[in-house]
Number of protein chains: 2
Amino acid sequence: MLTVHHLGVSQSERIVWLCEELGIPYDLKVYPRDSETRLAPAAYKALHPTGMAPVITDGDVVLAESGAIIEYILALHGKGRLVVAPGKPGYADYLFWLHFANGTLMPSEMSNWITGSIPGSDQMWLTSIMKGRADQAYGLVEKRLGEATYLAGEEFTVADIMTVFILSTFRAFTGRTIGEFPNMRRYLALIGSRPAYQRAMAKGDPGMALLLD
Amino acid sequence: MLTVHHLGVSQSERIVWLCEELGIPYDLKVYPRDSETRLAPAAYKALHPTGMAPVITDGDVVLAESGAIIEYILALHGKGRLVVAPGKPGYADYLFWLHFANGTLMPSEMSNWITGSIPGSDQMWLTSIMKGRADQAYGLVEKRLGEATYLAGEEFTVADIMTVFILSTFRAFTGRTIGEFPNMRRYLALIGSRPAYQRAMAKGDPGMALLLD
């Protein structure tokens, strides 16, 4: 049996959501963050050498890293769902947005948050470079969501599951607002209407306000 | 015909290397960095909306993002090579290291470099957190390379192609040294002995000194 170890308010919401979208059986273990430090509790850090969310266990397998876990679950339980297969229309778009999430969007926004949180950093050349990169990455998502219903095209895929955490839960952390991004707001409202997303968030983070606009 | 657009001294060395490992036909276009700014030239930035390396073109397809391009080329030309298939021993290890490269190792080292390059940053709590994360990520790679010949196990895979850029060319940029990491030095020497790696680097970055120790 697959066990999803979910650290509260973290990237592992993606894995709970994926399991709900696929409708597969899984055990969910929720680990609230330390109420003072907001870091992962010791029990979560002990799960995998990275000490980071997400983590799944499946028999002898202990696996971390969002992209790896999603690929693993899809290979074993996906039956071709939530992906665009090689050679199909939109295959390259699907691959791009799937990998862009943690390959560019997340690290650029993290770097932007880091440099922007340093006192006096608005005078630094590095800050403007990092802000420019993150703004560009956000702008690409907004542009894409003006061309297509979902990131890969007209079908919902795991590219959306990889990306939505960054646009919602992580954004609550960085404080970025999306008032100027109507396509992104349309998209997040659509995501919020998905029963599987609602079930996942209710199970994993029942006390968390969802940031979908 | 697949065209690999290689920005000098960049992540796109991975794609040249992948094509050489697979022995597939491809056109290589090399774009040297601007000699003053060290940034990508305008012709490279114009290839894809991200403006970032790597980029490939294949008929109507224009694709960016290392992970996406590697998955695309493997799906079309891989014939099962350089991967561990689902259900085979080591599949989870393969997936972890494949996604860890750009999902954790690269962004943590980038964040570490950013915070470490800010004057007075050695007094900041954020600096020590970022240094701790990057050191941990590097330490995990070192530990893994003491357990197995390559990252996924005893066979060379694209997990190595994703990771080596970070341990070599990107490290020349950040200045990290690996004198205390004997396993990593053993591994990089082994990588440097691969004819496909040598051909790729000679074609893509003929003037660049390789940092493999």
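The structure is a predicted model, in which local features need pLDDT of at least 70, side-chain atom pairs count only at pLDDT 80 or more, and totals for chains, interfaces and linings use all residues. Residues are numbered from 1 along each chain as its sequence is written, while chains are lettered from A and ligands numbered from 1 in the order in which they are written. Chain A has nine helices and four strands; helices (H or I, at least four residues) and strands (E, at least two) are DSSP runs numbered from the N terminus.

**Overall form of chain A**

- The elements follow the order β-α-β-α-β-β-α-α-α-α-α-α-α from the N terminus on.
- Chain A has a radius of gyration of 17 Å, which agrees with the value near 17 Å for a compact globule of 213 residues; the radius is taken over C-alpha atoms, and the globule rule is 2.2 Å times the number of residues to the power 0.38.
- The C-alpha atoms occupy a box of roughly 50 × 45 × 30 Å along the principal axes.
- Of the 213 residues, 48% are buried; a residue is buried if 20 or more other C-beta atoms lie within 10 Å of its own, exposed if 12 or fewer, and partly exposed in between, with C-beta atoms placed from the backbone.

**The sheet of chain A**

- Four strands form an open sheet with the order 2-1-3-4 and mixed pairing; two strands pair if DSSP finds at least two bridges between them.
- Strand 2 (27-31) and strand 4 (61-64) are the edge strands, each pairing on one side only.
- Strand 1 (residues 2-7) and strand 2 pair in the parallel sense over five bridges, and A:His6 has A:Val30 in strand 2 as its bridge partner.

**Helix 6 of chain B**

- Ten of the ten residues of helix 6 (residues 158-167) of chain B are buried, so this helix is largely enclosed by the rest of the structure.
- Among the buried residues are B:Val158, B:Asp160 and B:Phe165.

**Backbone features**

- Most residues other than glycine have a negative phi, and most peptide bonds are trans.
- The peptide bond from A:Ala53 to A:Pro54 is cis, with omega near 0°, and A:Pro54 lies in the loop between helix 2 (42-45) and strand 3 (55-58) of chain A.
- The bond from B:Ala53 to B:Pro54 is also cis, with omega near 0°.
- A:Glu65 is not a glycine but has a positive phi of about 85°; A:Glu65 is buried, with 26 other C-beta atoms within 10 Å.
- A:Lys79 has a positive phi near 50° and is exposed, with 9 other C-beta atoms within 10 Å.
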